[in-house]
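Me: I am new to this structure and would like to learn how to read it. Could you walk me through a few features?

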Amino acid sequence: APLDLAIRGGTVATAADTMRCDVGVRDGRIVALGDDVGPAARTIDAAGLLVLPGGIDSHVHLDQFQGEGIAMADGFRSGTVSAAAGGNTTVIAFALQRRGESLRAAVADYHAKARGEALVDYGFHLIVTDPTPGVLGQELPALVKDGYPSFKVFMTYDDMVLTDRQLLDVFDVARRENALVMVHAEGFDSIRFMADRLEAEGRTEPASHAASRPEVVEREATHRAIALAELAGIPIMVVHVSGREAIEQIEWARRRGLTVHAETCPQYLVLTAADLDRPGTEGAKFVCSPPPRDAESQAAVWRGLAGGTFQTFSSDHCPFRYDDAAGKTGPKARASFRAVPNGIPGVAARLPILFSEGVVKGRITLQDFVALTATNHAKLYGLYPRKGSIAIGADADIALWDPERRVTITQDLMHHGSDYTPYEGLEVTGWPVTTMVRGRVVFDGGRVVAEAGYGAFLPRETSGRRASPEAG
Ligand code: DUC
Ligand code: ZN
Ligand code: ZN
Ligand code: ZN
């Protein structure tokens with residue numbers, strides 16, 4: 001039978017190779033790769049373009065409960081449109097357990113939020129905030145088997161922080177069930193101590209957000225998370241690693257033979273703490289946790305991306321409206337950095353920033369780029385080999401990428417619900433022109449071309465069948 005689709009004349013890049021070849025698609029899957037894949041009902045001319053595995057962003061927050069009166073700026077519709085606009089074909093969002101709530105109920109809630117809304121495929125990590133005996137003994141083991149083999153835990157925030165004992169109890173479930181734990185490593189008491197002190201000194205401006213959680217706060221928590229994981233006998237994933245000091249802890253753990261995976265994000269490459277110190281309340285546009293650091297830490301993050309310290313590069317897309325952050329949530333938000341919600345949008349900017357600053361500037365290879373933005377996400381989080389590569393049998397999840405297009409990042413190109421982008425004005429080379437999910441073009445030439453709800457939920461596999469990530 002003829003193919004449904006042939007992508008002809010492009011250059012295919014995977015985590016292992018770059019090759020000139022055509023791609024044949026039938027029933028949503030890649031069924032042929034080669035010089036001549038034969039007749040097809042439809043042809044896309046990819047001359048001059050890279051044919052990349054669609055981006056997998058394994059760290060995005062969509063419609064996640066933030067506390068009374070604070071709304072996230074993207075639900076599953078606008079958030080996945082933004083993802084597709086940025087060349088992504090899969091996102092893994094979070095299902096947040098609220099304290100006192102069953103984890104099962106939380107998962108049902110987030111499915112309801114996503115149903116009929118998503119443009120790209122999606123999965124859920126679980127955020128465990130209340131590890132009761134029922135959660136540890138029944139809910140988590142059952143949910144891992146149902147396709148949620150990864151949990152995030154927090155070492156800070158009033159309504160999320162776990163004690164060391166609770167972390168160990170969750171880690172122990174992960175060990176038994178072969179799940180992967182993602183750790184938010186910043187120390188709760190250290191941050192409160194620093195924030196109280198800054199507030200007492202009248203230092204309530206947005207820049208104090210960064211001052212209240214310096215690198216030592218992240219370094220201490222990273223070290224503690226690694227030690228607890230060693231004690232429990234599990235690998236961990238340290239998410240949103242911001243700079244030199246946390247990297248040193250991760251590299252130290254690796255030298256000890258421990259399996260510590262690490263993720264970093266665009267804000268740690270192109271923003272610094274000085275951005276939080278912009279005039280007025282403008283700095284609130286850059287409030288995320290951990291905060292961006294300094295030029296020395298940016299250089300350390302680049303070394304970690306090129307040298308294999310980091311397996312994944314994610315956006316940590318966590319969108320709010322500046323008008324809300326700076327004003328609408330009331331005088332309190334203006335009155336103190338402590339009231340500004342923590343998070344910035346980035347799902348549409350992630351790939352262009354890493355491609356331009358990394359591949360074009362010669363800091364990482366094209367193969368590193370593909371591993372860091374797609375393949376390793378699929379491998380670590382149980383989606384490989386269906387997702388994350390261009391290979392026979394894989395879903396035809398593809399970003400057609402113009403490696404030479406020069407673009408200035410602006411708010412209107414992001415297609416997200418935030419009313420700003422922290423990357424406004426950044427000039428990049430390389431841009432996604434067409435995004436295809438399971439053989440269907442969903443975003444093309446700056447426009448949505450498939451209906452909301454096309455994106456499907458992806459149950460994921462546990463680490464028993466999880467492939468190892470590419471070395472960097
Ligand atoms: N952690 C995240 O992963 N995202 C936003 C805020 C936070 O603390
Ligand atoms: Zn976090
Ligand atoms: Zn690893
Ligand atoms: Zn996050």
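Reply: Gladly; we will take a sheet, a pair of helices and a ligand in turn. Keep in mind that this is a predicted model.

Me: Let's begin with the sheet. In what order do the strands of the open sheet run?

Reply: Strands count as paired when at least two bridges link them. Here 7 strands make an open sheet with mixed pairing, in the order 3-2-7-16-17-18-19. Its edges are strand 3 (18–20) and strand 19 (447–448), each of which pairs on one side only.

Me: How many bridges join strand 18 to strand 19?

Reply: There are 2, and strand 18 (residues 440–444) runs antiparallel to strand 19. To find one of the partners, look at Arg 447 in strand 19, whose bridge partner is Asp 444.

Me: Which strands does helix 14 touch?

Reply: Helix 14 (residues 366–380) packs on the sheet and touches strand 2 (11–13), strand 3 and strand 7 (50–53). The directions of helix 14 and strand 7 make about 40°.

Me: Now the helices. At what angle do helix 2 and helix 3 pack?

Reply: Helix 2 (residues 103–114) and helix 3 (residues 133–145) pack at about 35°, and their axes are 9 Å apart. From helix 2, Leu 103, Arg 104 and Val 107 meet Val 135, Glu 139, Leu 140 and Leu 143 of helix 3. By type, the contact has 5 nonpolar residues, 2 charged and no polar.

Me: Finally, which residues surround ligand 1?

Reply: Around ligand 1 you will find His 61, His 184, His 240, Ser 289, Asp 316, Cys 318, Asn 342 and Gly 343. This shell divides into 6 polar residues, 1 nonpolar and 1 charged.

Methods. Residues are numbered from 1 along each chain as its sequence is written. Chains are lettered from A and ligands numbered from 1 in the order in which they are written. This is a predicted model: local features need pLDDT of at least 70, side-chain atom pairs count only at pLDDT 80 or more; totals for chains, interfaces and linings use all residues. Axes are lines fitted to C-alpha atoms, for helices over the stretch in contact, and angles run from 0 to 180 degrees between N-to-C directions. Helices (H or I, at least four residues) and strands (E, at least two) are DSSP runs, numbered from the N terminus. Two residues are in contact if their C-beta atoms, placed from the backbone, lie within 7 Å. Ala, Val, Leu, Ile, Met, Phe, Trp, Tyr, Cys and Pro count as nonpolar, Asp, Glu, Lys and Arg as charged, and the others, Gly among them, as polar. A residue is near a molecule or strand if its C-beta atom, placed from the backbone, lies within 6 Å of it.
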